[in-house]
Amino acid sequence: MSNRTYSIERNTKETQIALSFDIDGDGQASIDTPVPFLNHMLDGFARHGLFNLKVNATGDTEIDDHHTTEDVGICLGTAIKEALGDKMGIKRYGNAFVPMDETLAQVAIDLSNRPHLEFRAEFPSQKVGNFDTELVHEFFWKLALEARMNLHVIVHYGTNTHHMIEAVFKAFAKALDEATLIDPRVKGVPSTKGML
């Protein structure tokens, strides 16, 4: 198996991001962005997916957290796609339920090369701390687009917005871990088309 890692830098007038991602890691996270809640979510993503993730980002958070959150999603999606390479031998599909206290979240993934996001989550609060909860959709939409994955996010129930979002990130981690696993039974690419 080749080294399934990728590093990316993205510099715009709004954000400056350096990100590295290792699919076959052990859950090491080094996250430094000016968005504390995003840092917390990415740390949980890396640890629960057993990915190694480094993110150093600055951005125009004096306006709001939108550009930084969106651009980190773009970079992580790109890194996932590139780290997967030719996708030979992967399971392709992943599905995970994660409970967190009163909340139950589910994420299903198809690493299909066809980007799509279904997002079925309604958060009771518009903010968690200073973080705008509408940015969760923005993050996952841009990630799914750049990773070229089919991504379904469902929060079945919950009342605490922090728990709901955290359960989504953890479920995404577990589903992505499953989808990216190498299955020795898979010969070539898991597609009747012969490519993904």
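Modeller: Two strands pair if DSSP finds at least two bridges between them. Keep that in mind here; this is a predicted model.

Colleague: In which sense do strand 1 and strand 2 pair, and over how many bridges?

Modeller: Strands of a sheet pair through backbone hydrogen bonds, either parallel or antiparallel. Here strand 1 (residues 5-11) and strand 2 (residues 15-22) are antiparallel, with seven bridges. Three residues lie between them, and the two strands form a hairpin. Look for arginine 10: isoleucine 17 in strand 2 stands opposite.

Colleague: What is the order of the strands in the open sheet?

Modeller: The order is 1-2-4-3, four strands with mixed pairing. Strand 1 and strand 3 (29-32) are at the edges with a single partner strand each, so one side of each has no neighbour in the sheet. From one strand to the next, the twist averages 5°.

Colleague: How many bridges join strand 2 to strand 4?

Modeller: Eight, and strand 4 (residues 52-59) runs antiparallel to strand 2.

Colleague: Which strands does helix 1 touch?

Modeller: Helix 1 packs on the sheet and touches strand 2, strand 3 and strand 4. Its direction makes about 165° with that of strand 3. Helix 2 (residues 66-84) lies across strand 1, strand 2 and strand 4, at about 35° to strand 2.

Colleague: Which residues of helix 1 are buried?

Modeller: Start with the general idea. An α-helix has 3.6 residues a turn, so residues three or four places apart point the same way. In helix 1 the buried residues include Leu38, Met41, Leu42 and Phe45. Leucine 50 follows helix 1, with a positive phi near 60°.

Note on methods:
Residues numbered from 1 in each chain as written. Predicted model: local features only at pLDDT ≥ 70, side-chain atom pairs only at ≥ 80, totals over all residues. Heavy atoms only, no water. Buried < 20%, exposed > 50% of the residue type's maximum accessible area, 1.4 Å probe, protein only. Axes fitted to C-alpha atoms, helices over the stretch in contact; angles between N-to-C directions. Contact = heavy atoms within 4.5 Å.
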